[in-house]
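I opened this notebook to record what I looked up in one structure. The entries go from the whole chain to single residues.

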Amino acid sequence: MEGAPANGHHHGTAGDGAASTQADAFQREMDASMARMMQDMHGPGYVGNADIDFLAMMIPHHAGAVDMARLVLQHGRDPATRQLAEEIIAGQTTEIESMQRRLVALRQRSRGAAAAEFPSLSGTRGP
């Protein structure tokens, strides 16, 4: 076969290099997104309230899903996968907003309970 390497292996065309670079970029960006999500999920630490801890970890988890879905919209070509990515973005964004509101309410209630449990000293002590 003319133009084939002596070892019989066919190497890709020049266009394959671009596809490989595109795949490498997607993999790097996905890995970075996953690492950021894991760091954000565990960053706040636990506060001892299962509801607050759950929401504090699920918000970055859902944000990670949104980031990954955006990446597949940038790099992917399959129409069905792109449709799923769009649905993930829409659904997870709505859930993030809901969880953020609930987290604020729970944290306020938690602070209020702590304040009621330990009333301030109202300046009765001190120099």
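The entries below follow the order in which I looked things up.

**Entry 1. Ground rules**

I noted that this is a predicted model, in which local features need pLDDT of at least 70 and side-chain atom pairs count only at pLDDT 80 or more, while totals for chains, interfaces and linings use all residues. Residues are numbered from 1 along each chain as its sequence is written, and side-chain values use heavy atoms, with hydrogens and water left out.

**Entry 2. The whole chain**

I looked up the secondary structure and found three helices and zero strands in the protein chain. Helices (H or I, at least four residues) and strands (E, at least two) are DSSP runs, numbered from the N terminus. Read from the N terminus, the elements run α-α-α.

I then asked what share of the 127 residues is buried. Buried residues make up 21% of them; buried means under 20% relative accessible area, exposed over 50%, and partly exposed in between, with a 1.4 Å probe and protein chains only. The protein chain exposes about 9200 Å², of which carbon and sulfur atoms supply 57%. These areas come from the Shrake-Rupley method with a 1.4 Å probe, and for residues only the protein chains shown count as cover.

For contacts (heavy atoms within 4.5 Å), I took the pairs at least 6 apart in sequence and found that 62% join residues at least 24 apart.

I checked the length of helix 2, which covers residues 50-75. Its 26 residues should span 38 Å at 1.5 Å a residue, and its end C-alpha atoms are 37 Å apart, which agrees. The expected span is 1.5 Å times one less than the number of residues.

Which residue caps the N-terminal end of helix 2? I found Asn 49 there, with a side-chain oxygen 2.9 Å from the backbone nitrogen of Asp 51.

In the loop between helix 1 and helix 2 I looked up Tyr 46. Tyr 46 is exposed, with a relative accessible area of 63%. Leaving aside neighbours within four places in sequence, Tyr 46 is in contact with Asp 53 and Met 57. The C-alpha atoms of Tyr 46 and Met 57 are separated by 9.3 Å.

**Entry 3. The nonpolar core**

A nonpolar core is a set of buried Ala, Val, Leu, Ile, Met, Phe, Trp, Tyr and Cys residues joined through side-chain atoms within 4.5 Å. The largest one has 13 residues, and Leu 55, Ile 59 and Leu 103 touch the most other members. Helix 2 and helix 3 (79-117) each supply at least two residues of this core. Helix 2 gives the most, with seven residues. In soluble globular proteins, nonpolar side chains tend to be buried together.

Beyond four places in sequence, Ala 69 is in contact with Ala 85, Ile 88 and Ile 89.

Ser 33 is found in helix 1 (residues 14-42). I recorded Ser 33 as buried, with a relative accessible area of 1%. Not counting residues up to four places away, Ser 33 touches Gly 64, Asp 67, Met 68 and Leu 71.

How many salt bridges does the structure hold? I found one; the term means a side-chain nitrogen of Lys or Arg within 4 Å of a carboxyl oxygen of Asp or Glu. The side chains of Asp 67 and Arg 36 meet in it (4.0 Å, N to O). This pair links distant parts of the chain, with Asp 67 in helix 2 and Arg 36 in helix 1, 31 residues apart. Asp 67 counts as partly exposed at 26% relative accessibility, and Arg 36 is partly exposed at 41%.

Last, I looked up His 75, which is placed in helix 2. His 75 counts as buried at 15% relative accessibility. Its contacts beyond four places in sequence are Gln 22, Ala 25, Phe 26 and Glu 29. The side chain of His 75 also makes a polar contact with the side chain of Glu 29 (3.4 Å). A polar contact is a pair of N or O atoms within 3.5 Å; within protein, one must be able to donate a hydrogen and the other to accept it, and residues adjacent in sequence count only if both atoms are side-chain atoms.
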